[in-house]
Amino acid sequence: MSTAETHEGAVGRARVWDALVALFALVGLADAAYLTAEHLSGNSVRCMIVSGCDEVLQSSYSTVAGGVPVAALGAVAYFTAFSLATLAAFGYAGARRLLAPLVAVMFLATLWFVYLQAFVIRAYCVYCLVSAAITTTLALLVLLPRILGAGKRLA
């Protein structure tokens with residue numbers, strides 16, 4: 001196998017990886033956009049698996065800076081992650097480098113919000129937990145290869 005073929009294979013794998021990141025970010029965007037819309041409209045969110053959605057989404061931790069829903073910040077973060085992953089899939093390597101710090105911040109925020117649900121609010125929102133799972137998956141997809149040294153092949 002020639003060096004060109006090896007490089008072409010690595011580029012193809014990186015594009016598939018980026019597309020997977022974009023897909024998860026899009027699902028996260030849908031979740032965060034739904035929560036934002038419900039918050040701004042004043043509607044109560046229906047929880048189907050757990051019964052703490054209202055407690056979490058109406059807590060003082062659900063908004064920042066004068067009433068901006070935390071979910072809206074999540075929607076912006078997911079949209080940015082989707083955009084960067086899409087750009088990376090189309091060959092903009094700089095976008096992939098910006099994606100890692102964004103996802104790291106998103107993951108740290110997720111840890112904070114799961115902590116708040118578990119130990120401060122003592123209630124869980126299924127939509128927030130879905131978002132936490134999506135962000136954790138994004139962190140694994142984006143950060144784990146870098147940590148394990150494979151990031152050099154994907155960057």
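Just after helix α4, R122 takes a positive phi of about 60°. Helices here are DSSP runs of H or I with at least four residues, strands are runs of E with at least two, and both are numbered from the N terminus. Before going on, the ground rules. This is a predicted model, in which local features need pLDDT of at least 70, side-chain atom pairs count only at pLDDT 80 or more, and totals for chains, interfaces and linings use all residues. Residues are numbered from 1 along each chain as its sequence is written, and side-chain values use heavy atoms, with hydrogens and water left out.

Back to R122. The residue sits in the loop between α4 and α5. R122 counts as exposed because its relative accessibility is 65%; the cut-offs are under 20% relative accessible area for buried, over 50% for exposed, and partly exposed in between, with a 1.4 Å probe and protein chains only.

A65 is another non-glycine residue with a positive phi, about 40°. A65 is in the loop between β1 (63–64) and β2 (68–69), and is exposed because its relative accessibility is 74%.

The expected span is 1.5 Å times one less than the number of residues. α4 bends by about 25° at Y115, the bend being the angle between axes fitted to the seven residues ending there and the seven starting there. Buried residues in α4 include L99, V103, M106 and L116.

Helix α5, residues 126–147, has 22 residues; its end C-alpha atoms are 30 Å apart, which agrees with the 32 Å it should span. A kink of about 30° lies at L141, shortly before P145. After α5 comes G149, with a positive phi near 95°.

Last, the pocket. What is the volume of the largest pocket? About 770 Å³. A pocket is an open set of points on a 1 Å grid over the protein atoms alone, where a 1.4 Å probe fits, with protein on both sides within 12 Å along at least five of seven lines; lining residues have an atom within 4 Å of a point. Grid points are joined across faces, edges and corners, and the volume is the space filled by probe spheres set on them.

There are 38 lining residues, and V70, A71, G74, F113 and C128 are the closest to the centre. α4 gives the largest share of the lining, ten residues.
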